[in-house]
Amino acid sequence: MKNDIILQARGLKKYYGKGETQVRALDGVDLDIERGSFTAVIGTSGSGKSTLLNMLGGLDTPSSGSILVDHTELAGLTDEEAAVFRRKQIGFVFQNYNLVPVLSVWENIILPICLDGRRPDRKFIMKIVSLLALDKKLDSLPNQLSGGQQQRVAIARALAGKPSIILADEPTGNLDTRTSDDVIGLLKMTSREFHQTIVMITHNPGIARMADRIIHIEDGHIAGSPAQERA
């Protein structure tokens, strides 16, 4: 039986500049991500991993190549269609949380849903809030939370709209080791609970080993993608 591929890149290239100063951030990437999997993309600074994540999420456009997200070709969408598609299909978790400082935890969590003109599914969101132990923080402002709590709010916001895919860019970069492990554990738990696909960028091999699969990227190329068996 053929695996269910939710993310597919073929011949993906992203070049900046021309001639001798040209930078090849991505230089012919082919990639398949299975639905429901947890994939870590690891590489050094400047290797192209964040560029790859931005391409998969439709935040940037490739110089050439194709990206299919849940069987939809991103290049075939208008800017408006792409924005709507991202809000419905993709949840983003950033290293710096990107919370709105004047909004409460609850308001931050439901903000993308409201921007899309949809009604929040309160029962579903409260289940996420409970899983992430944010029950008692819903009225708090971001500056009243620890870094780990702010990252949990960012995860809740990403999950609340019921996207098929979660893209996480160095989600533990600003956290201590214990909190980092907690955040990755929560991502894995919510992925299983809500059947979402996670692609996570990291430079930390220890964090990467918590994923189901590791993809190494160097100089804009995928160096290897060994699957890791889990007990």
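These legends walk through views of a predicted model of one protein chain.

Figure 1. Start by getting your bearings: the protein chain contains 7 helices and 10 strands. Its radius of gyration is 17 Å, close to the 17 Å that the globule rule gives for 231 residues, so the chain is as compact as a globular protein of that length. A box of roughly 55 × 45 × 40 Å, taken along the principal axes, holds its C-alpha atoms.

**Figure 2. Inside and surface of the chain.** Of the 231 residues in the protein chain, 46% are buried.

**Figure 3. The ring pair Phe92 and Phe94.** This is one of the 2 aromatic pairs in the structure. The ring centres of Phe92 and Phe94 are 5.9 Å apart and their planes meet at 10°, so the pair is stacked. Phe92 is buried, with a relative accessible area of 16%, whereas Phe94 is partly exposed, at 26%.

**Figure 4. The ring pair Phe124 and Phe194.** Here the ring centres lie 5.0 Å apart with the planes at 65°, so Phe124 and Phe194 form an edge-to-face pair. Phe124 belongs to helix α4 (residues 122-131) and Phe194 to helix α6 (residues 177-194), so the pair ties together parts that are 70 residues apart in sequence.

Terms used: Residues numbered from 1 in each chain as written. Predicted model: local features only at pLDDT ≥ 70, side-chain atom pairs only at ≥ 80, totals over all residues. Heavy atoms only, no water. Helix = DSSP H or I, 4+ residues; strand = E, 2+ residues; numbered from the N terminus. Rg over C-alpha atoms; globule rule 2.2 N^0.38 Å. Buried < 20%, exposed > 50% of the residue type's maximum accessible area, 1.4 Å probe, protein only. Phe/Tyr/Trp six-rings, centres within 6.5 Å; stacked < 30°, edge-to-face > 60°.
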